[in-house]
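Good morning, everyone. Please bring the structure up on your screens, and keep the sequence beside it.

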Amino acid sequence: MLDGWAGRTAQAGMAVVLAAMVVPTAPARAAAVVVMTPTTIRAALAAVRPGDTLRMEGLFTSAILFRNRDFGGVRVDASAAIITAGLRLSRVHNLSFTGGEWRPGGSTGTGDAIRVEDSSHISFADATMTGRGTRLGNGARIIRSSFVTVRDNLFDGLRNSLILGTTTDSLVTANRYENGGEDGMKIIDSQRMIVSHNSCTGFAPLAGYHPDCIQLWSAPNKPLQSDIYILNNYAFGAQQGLASFDPWQLSGARLTFAGNYVATSSPHSITCLGCIHSRFEDNMLISLPQAPHRAMMKVTGAGTGNVFANNDFHDLRGQFGATLPQRTLSGLIPSIAFAVGSSWEERNHALHEEVAGMATVDDLSGVVPEPASWTMLMLGFGVVGSRLRRQRGRRRVAA
């Protein structure tokens with residue numbers, strides 16, 4: 001212990017040192033809300049900074065382009081906006097969109113409502129993407145991108161609802177694909193992805209097409225698609241279910257189909273041509289009463305590490321008075337869980353354990369010329385399906 005002059009000198013020296021350690025800093029900039037209207041697009045983009053909210057307001061009738069920018073976590077609130085000529089993101093990072101009504105671009109509406117290229121940590125949530133009555137345009141097309149989240153959106157009356165090409169580490173969950181003419185989802189040349197709790201209903205094939213709820217392709221001369229989890233999705237109506245068709249040699253490696261409910265009039269309930277080291281478990285495949293063929297699981301490449309367990313088949317052809325089986329969900333946890341999707345979004349693939357879009361009377365219009373008794377049964381199934389209990393007791397970790 002120091003006392004007297006020496007002690008006072010030491011204390012004064014320490015005070016100088018402590019004062020030197022305290023560096024005055026400018027107050028942190030508060031997050032701002034920047035409003036973007038159809039006439040202020042450039043000014044709003046120039047003003048917005050990381051952490052801000054960019055609020056879109058009004059009817060946007062010209063194409064919107066964001067490019068060559070890291071937004072640092074900007075959130076775009078488009079809930080008060082209608083975008084009729086499309087949005088394009090090119091080399092954009094760390095940007096999230098919520099809400100909005102998005103329509104395909106192009107003079108005839110045959111383009112994409114949203115197109116994302118060479119970007120990362122992008123998300124779209126709680127939006128409506130709708131066609132122009134012709135079902136010739138596409139919803140969202142995402143290519144050469146990574147860590148993308150697409151969740152809780154309605155895609156209605158489009159040719160293809162969602163296309164992902166050469167995209168990695170992404171999450172697609174709780175979207176509704178309705179009244180489509182070609183496919184609900186296309187996944188092409190992609191890796192490490194979770195596709196969960198999406199629904200496909202009300203599809204009516206365009207001439208020359210056979211709609212799939214979810215279709216996967218490996219691209220020629222590229223690595224096989226791998227580590228893609230197709231979990232707890234729901235497909236109902238005049239369409240094919242979940243299919244990995246391939247124009248090359250093999251469809252994919254380490255693909256997982258689990259807990260999916262496929263009640264369609266097509267024989268391709270789950271098809272995986274040339275899949276290796278893949279899993280097929282706890283899926284329910286149902287032939288609807290009007291189906292010309294029996295629902296089936298067609299997997300080639302058997303004997304090369306594929307695993308099959310607890311898949312359930314129901315043949316209701318001609319049985320218009322039958323009751324559809326109750327839906328259950330898989331609790332499988334992917335090995336890539338909580339590691340894919342935008343870092344600015346919730347990454348929980350099981351956040352929505354009940355899929356929206358269970359069958360209702362409206363889903364059957366123009367698809368099934370069945371008796372009224374079958375329609376009433378389907379209405380009851382929709383009510384029951386919306387109240388299915390959670391299935392947390394069956395969690396398993398994927399290999």
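A definition to begin: a disulfide here is a pair of cysteine sulfur atoms within 2.5 Å. Cys272 and Cys275 are joined in this way, with an S to S distance of 1.5 Å. One caution before we go on: this is a predicted model.

How many disulfides does a search of the whole structure find? Two.

Cys200 is joined to Cys213, with 2.1 Å from S to S. Is it left-handed or right-handed? The torsion about the S-S bond of Cys200 and Cys213 is about 75°, so it is right-handed. Look at where the two ends sit. Cys200 is in strand 17, residues 199-201. Cys213 is in strand 18, residues 212-217. Cys200 counts as buried because its relative accessibility is 0%. For Cys213 the value is 0% too, so Cys213 is buried. Count the bonded cysteines along the chain, and the pattern reads 1-2, 3-4.

Next, the aromatic rings. A pair of aromatic rings is described by the distance of the centres and the angle of the planes. The whole structure holds eight aromatic pairs. Start with Phe155 and Tyr177. Their ring centres are 5.3 Å apart and their planes meet at 55°, so the pair is tilted. Phe155 lies in strand 11, residues 154-156, and Tyr177 in strand 14, residues 176-178. That is 22 residues apart, linking distant parts of the chain. Phe155 and Tyr177 are both buried.

Compare Phe280 and Phe308. This aromatic pair is stacked, at 5.1 Å centre to centre with 10° between the planes. Phe280 belongs to strand 26, residues 279-281, and Phe308 to strand 29, residues 307-309. They are 28 residues apart, and again the pair links distant parts of the chain. Which is the burial state of each? Phe280 has a relative accessible area of 0%, so Phe280 is buried. Phe308 is at 41%, so Phe308 counts as partly exposed.

There is also a cluster. Ring pairs link Phe66, Phe71, Phe97, Trp102 and Phe124.

Ser170 sits in strand 13, residues 168-173. Ser170 is buried, at 0% relative accessible area. What does the side chain of Ser170 reach? The backbone nitrogen of Val148, at 3.1 Å. Set aside the neighbours within four places in sequence, and Ser170 still has contacts, including Ser146, Phe147, Arg192, Met193 and Gly341.

Last topic: the backbone. Most residues other than glycine have a negative phi. Two residues here are worth a look. His121 is not a glycine, yet its phi is positive, near 50°. His121 lies in strand 7, residues 120-125. With a relative accessible area of 16%, His121 is buried. Then Asp227, also not a glycine, with a positive phi of about 55°. Asp227 is in strand 19, residues 225-231. Its relative accessibility is 16%, so Asp227 counts as buried; the cut-off for buried is under 20%.

That is my tour. Thank you.

Methods:
Residues are numbered from 1 along each chain as its sequence is written. This is a predicted model: local features need pLDDT of at least 70, side-chain atom pairs count only at pLDDT 80 or more; totals for chains, interfaces and linings use all residues. Side-chain values use heavy atoms; hydrogens and water are left out. Helices (H or I, at least four residues) and strands (E, at least two) are DSSP runs, numbered from the N terminus. Buried means under 20% relative accessible area, exposed over 50%, partly exposed in between (1.4 Å probe, protein chains only). A polar contact is a pair of N or O atoms within 3.5 Å; within protein, one must be able to donate a hydrogen and the other to accept it, and residues adjacent in sequence count only if both atoms are side-chain atoms. Contact means heavy atoms within 4.5 Å. Rings of Phe, Tyr and Trp (its six-membered ring) pair if their centres lie within 6.5 Å; planes under 30 degrees apart count as stacked, over 60 as edge-to-face and the rest as tilted.
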